[in-house]
Structures are given as C-alpha cells and as structure tokens.
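Hi,

I am handing over a structure for you to look at. Please open it first, and then read my notes below.

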Amino acid sequence: MAEIGSDIERAISLLKAGELVAIPTETVYGLAGNALNSAAVAKIFEAKNRPHFDPLIMHVPGPDAAGLYAASIPDKARELASRFWPGPLTLVLPKKDLVPDLTSAGLDTVGIRCPDHPLTRQLLKELPFPLAAPSANPFGYVSPTTAKHVDQQLGSRISYILDGGACDIGIESTIVGFEDSHPVIYRFGGLSMEAIEAVVGPLQTRAHSTSNPRAPGQLKSHYAPGKRIVLGEITSLQNISAYRNAAIISFQVDYGASYQIVLSPDGSLHEAARNLFSALRQVDAFPVDVVLAELVPNEGIGRAINDRLSRAAAAIV
Ligand code: TXA
Ligand code: MG
C-alpha cells in the first residue's frame, strides 16, 4: 500500500528525487515522474508494465510551457491550447531534443497537456520540470478515477499518491495531432469533438486502429476489465441463455437486474463518463459470468464512452 495524502511538498521532494507519485487530474489519475529524467521515466514503464513503444504524455503548468518542449506549434494547436487549457486535451507536437526518447517512445513528436486540477496545477507550477504521466493503472487495464483505485493496483510500486478526490471528468483526455498542420483526433476523450471543431473546423479522426497504431492507446483491446463484456441491446441479450448470469451496465434505463449499474439515471453523458471506469471495476467484483452493456448516444463525450466500452468489449479475458 502506498502512502496517500494531499501533501504537495512531499510530492515535490519525491519527484525531485526521481521517484514516482500518483497525481490527480480532472480526467483520470496519472502515474507521474520527471519527464526530462530518463531514469524516472523508466520507472514509470516498469511500474505499469507498459511496453516501451507506447509514448507518455508530458504535463505542463500552462500554455506557455508547451513552447519549451515543442519544436514548433501549428497555429491551430495554439488556438486549441489557448481555448481549452487547462483541460482534457492533449496536443501531439514535434518534440525538442531535450525531451528524452524514452518519454516519446522514440517518436519525433510528444504529447503535451495542461491538466485542470488545482493540486496538480500547483504541483506543476512549483516543479522545475514537466511531469510524464500515463494513467495510473497496469498496462491494458481500466484507468483509475480515485486514489483508492490507484492504491489497489499500483500501491506497492509507488511512493506516494496525491489525493485530489474523485476525478471530475472520469475519462482520459482527447488527443489531437497535426498532419500537414491539419488537426486529427487520435483518441476520443473528455473534450468533445464538437467543441474542438467549433474552434478549428472539421476534424479527421484516426481512432480505433487495430494494427501498428500511431497511439498505442488506440489498440482495439485496451481498457480490459476482468470480466467479459458483451455490447448490444440489453433486452435482446437478456434472452440469450448463455447470458443468464449477467451483470448490466446501462446508460439511463433501469432493467431491474440483480447486478446492475445505471451510469446516469438522468441521462447525462457527463455523469455517465464520470461513473464509467468505476462501473467497470465494480462489475469485476460481481458474482456473474458476463457483463451486458449498451452504447450511449454517440455525441459529445458519449463518443469517448462508446470508444472505451467498445474496446473493453474487444478485450480477451
Ligand atoms: O487524460 C489523460 O490523458 C491521462 C492523464 C493522466 O493525463 N493520461 C493518459 O495517459 O491517458 P496514457 O499514457 O494512459 O495514454 C496516453 C496516450 C497513449 O495511447 C499514447 O500512445 C498516446 O497518448 N500518445 C502519447 N504521446 C503520443 C505521441 N507523441 N503520438 C501519438 N500518441 C501519443
Ligand atoms: Mg492509459
């Protein structure tokens, strides 16, 4: 078990010593280390059991800091940063040499984001370096949205968990890269595609790649919980005899099952996003064979929810 608290000074001294600290963000908890120190970054890969080809996101205190690590910033990236940072948006930009190859997994680009959480913003402002932080879960598993989730899975591998409460958004950042200066979505996330398009115009998407992905988080079978997830129309699935002993994850409707999680009784996509990863963890503990789940409306943050549900369902368990 790791030490859990809200002592920023303790987090600072550990990070300065090259140790790992789990940090709260508005999306999910991150497993943070000094992004400019290859030894600290190596510890992140080891603690998560993450393959070295999967690059990390660098967290910075504000839009100005992006220029310290990005070799160039397209105009549209500048517009997006000034409009949405701090917030759930990661920009993939050409990297400067001072960013270690380990952080960017050998790519010539680096993902940069400015998280919107008061504790972590203060931490980033006080630190003399940016933080590399993937989601604080073992590779391939569901991301943590509370300090307790982090402790349950990685507690024995990290020194300190900075507890900033439950994550407000609950789903990872939207990742946007630039191809010939045109913005492309690599991962649906907490910032809606509609909000981004309102600033920079129509976007291309390149999410859901199954082979040789540009962002390995795009692997189709990511976000695997411990139970098999079957996606579809719940009432039809309930009629199938193999699915008799099932738990249900629904968006808004109460299906009257014994083991059931309704993501948002009010039909709010934001509430559903906030509850999704906890729900996926909870169903793991239910005494059922399988989990039946339904997609949510494919708009706004609903796209990210559907993306994570689809990938959880594609996982082999
Ligand atoms: O909300 C978030 O983004 C959270 C919090 C902690 O900030 N972080 C997060 O990190 O989700 P991670 O490592 O679990 O997912 C980051 C994704 C990975 O799929 C990685 O492949 C992709 O970002 N990525 C990072 N750098 C990239 C790059 N240079 N080009 C393309 N994809 C990149
Ligand atoms: Mg992750």
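This is a predicted model: local features need pLDDT of at least 70, side-chain atom pairs count only at pLDDT 80 or more; totals for chains, interfaces and linings use all residues.

Residues are numbered from 1 along each chain as its sequence is written, chains are lettered from A and ligands numbered from 1 in the order in which they are written, and side-chain values use heavy atoms, leaving out hydrogens and water.

The open sheet has four parallel strands, ordered E12-E15-E13-E14 (strands are DSSP runs of E, at least two residues, and helices of H or I, at least four, numbered from the N terminus; two strands pair if DSSP finds at least two bridges between them). E12 (228-231) and E14 (260-262) are the edge strands with a single partner each, so one side of each has no neighbour in the sheet. From one strand to the next, the twist averages 20° (axes are lines fitted to C-alpha atoms, for helices over the stretch in contact, with angles from 0 to 180 degrees between N-to-C directions).

E12 is joined to E15 (residues 290-293) by four bridges, and Ile 229 has Val 291 as its bridge partner in E15. Helix H10 (residues 302-314) lies across E12 and E15, at about 125° to E12.

Elsewhere, the axes of H1 (residues 8-16) and H5 (residues 118-126) come within 10 Å and cross at roughly 45°. In H1, the residues meeting H5 include Ile 8 and Leu 15 (contact means heavy atoms within 4.5 Å).

Best wishes
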